[in-house]
Amino acid sequence: MTTEAVSSEAGPARLDEFRGQVLEFLADNLPDGFRGVGALAGDVREAFLGPWRDALVRTGYIAPEWPVEYGGAGLTQQQRIVLDEESARAGAPLWALPTDPIGFGLLGSIVLLWGTPEQKQHFLPALVSGEHRWAQGFSEPEAGSDLFNLRTRAVLDGDEWVVDGHKIWQTQGHKANWIFLLARTDPAARNRDALSFLLVPLDQPGVVVTPIRSMTGEEEFAEVRLEGARTSAANILGAPGQGAQVALSLLGFERSAFGAAHVHYGSELDRLVVLTREQGLEDDPGIRQRLADARIKIEVMKAMSFQARKRAAAGSSPGPESSVFKLYQTTFDLTLTELAMDLLGMGATITTGQPSATVLGPDPVGTPNSSAAWQSAYLRSRAAVIYGGSSQIQRNTIGEQVLGLPREPRPTGGRA
């Protein structure tokens, strides 16, 4: 089966045809009786994900919109929506490695936008194969929420950049072997003009990666220390001094990455409806109202996702409205998981049953209605309003760049 039979100008009939191809792919590559990756125990899930990722690579579905020459499937935005939705409904993740969301959702998108032909040819296939596993190196200790208030420096030494610095809160960074980061490369320049966007291998002398255990008990993040770490002078996206522009482009992709979130959250809400009945609360008017509000917000999320995809299909890069998406989704996540805690009542204080199958985002199909799973989801939702740009940062962006309100005063000058 290939995806080439479907034109890039897919109308309704063509999309129905493509949906059939996706359903055929799922049926051919998922085990009999598959109930979603969330239903698999830890060791069974690990055994499943390897062959499943191989199947995604063979079809290009692991990078649906990328050109075929780089290992993608060359799908249109409409086809991508179909693939996202049907995969989410089946509980089959499109990104199987823990580092895949960072690699494909962020690094791949930004290499396609800013990379040279040589960089695309080198980095994109290595991401698809799993040879390169990426972490994001933006946050630094004592830098707060200001992305550009960083200390990491890089200087050119012959045909290599030499990097010294300390990064923190790298999602799945301890499972990565490459990191993209911002570094000060021009001591004479001020603020954003001093920054460059570098791609640095982690498996080398001078790099120390330490996992960080989160309050869920999982090692979800890492910190990275670089002392004389080296990378080729060619491993820079954009020109020296353009790092801030590249990073802002990347953040737009990160914050607008709704994908099939409405399907995932719809699955979580279905679990909560079941939990409501199990707890004998189906006639409680307050609970019924909260369930209805959640359903409405999921429909709004779906409409926002379609609008974002429509803009992307027209060739527009994510703009400041991506902050609206990020704020909306993470605020909803807080609301939904608080409802789960209220439904569990005192049961929420005891950890029982199978845990969640994910460390980021809503739980996949098949995740049990256990207190262990909902506790993890509740705690993850607290972190989601901070990572990827805190809610306060998003509100500033919305106020200044979407609503045109006066700019908040900023400190002048970067770090020495």
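## An exposed leucine and its patch

In this predicted model, Leu-403 has a relative accessibility of 58% and therefore counts as exposed, since the exposed class begins over 50%. Leu-403 is placed in the segment that follows helix H11 (391-402), and together with Val-402 and Leu-405 it makes a nonpolar surface patch of about 280 Å².

Leaving aside residues up to four places away in sequence, Leu-124 touches Trp-66, Tyr-70, Gly-108, Val-111, Leu-112 and Gln-119. Its C-alpha atom is separated by 9.6 Å from the C-alpha atom of Glu-69, a residue 55 residues apart from Leu-124 along the chain.

## Aromatic pairs

The count of aromatic pairs in the model comes to 16. One of them joins Trp-95 and Phe-104 in a stacked arrangement, with 6.1 Å from centre to centre and 10° between the planes. Of these two residues, Trp-95 is partly exposed, at a relative accessible area of 28%, whereas Phe-104 is buried, at 4%.

What is the geometry of the pair formed by the rings of Phe-138 and Phe-197? Their centres are 6.1 Å apart and their planes stand at 85°, so the pair is edge-to-face, an angle over 60 degrees being what that class requires. Because Phe-138 lies in the loop between strand S1 (134-137) and strand S2 (153-157), while Phe-197 lies in strand S5 (residues 195-201), the pair ties together parts that are 59 residues apart in sequence. Phe-138 is buried, with a relative accessible area of 7%, and Phe-197 is also buried, with a value of 0%.

## A ring cluster and charges over rings

Ring pairs also link six residues into a cluster, namely Phe-18, Phe-25, Phe-34, Phe-48, Trp-52 and Tyr-61.

Conventions
Residues are numbered from 1 along each chain as its sequence is written. This is a predicted model: local features need pLDDT of at least 70, side-chain atom pairs count only at pLDDT 80 or more; totals for chains, interfaces and linings use all residues. Side-chain values use heavy atoms; hydrogens and water are left out. Patches are made of residues with over 30% relative accessible area and no salt bridge: like charges are joined within 9 Å, nonpolar side chains (Val, Leu, Ile, Met, Phe, Trp, Tyr) within 5 Å. Accessible areas come from the Shrake-Rupley method with a 1.4 Å probe; for residues, only the protein chains shown count as cover. A salt bridge is a side-chain nitrogen of Lys or Arg within 4 Å of a carboxyl oxygen of Asp or Glu. Helices (H or I, at least four residues) and strands (E, at least two) are DSSP runs, numbered from the N terminus. Buried means under 20% relative accessible area, exposed over 50%, partly exposed in between (1.4 Å probe, protein chains only). Contact means heavy atoms within 4.5 Å. Rings of Phe, Tyr and Trp (its six-membered ring) pair if their centres lie within 6.5 Å; planes under 30 degrees apart count as stacked, over 60 as edge-to-face and the rest as tilted.
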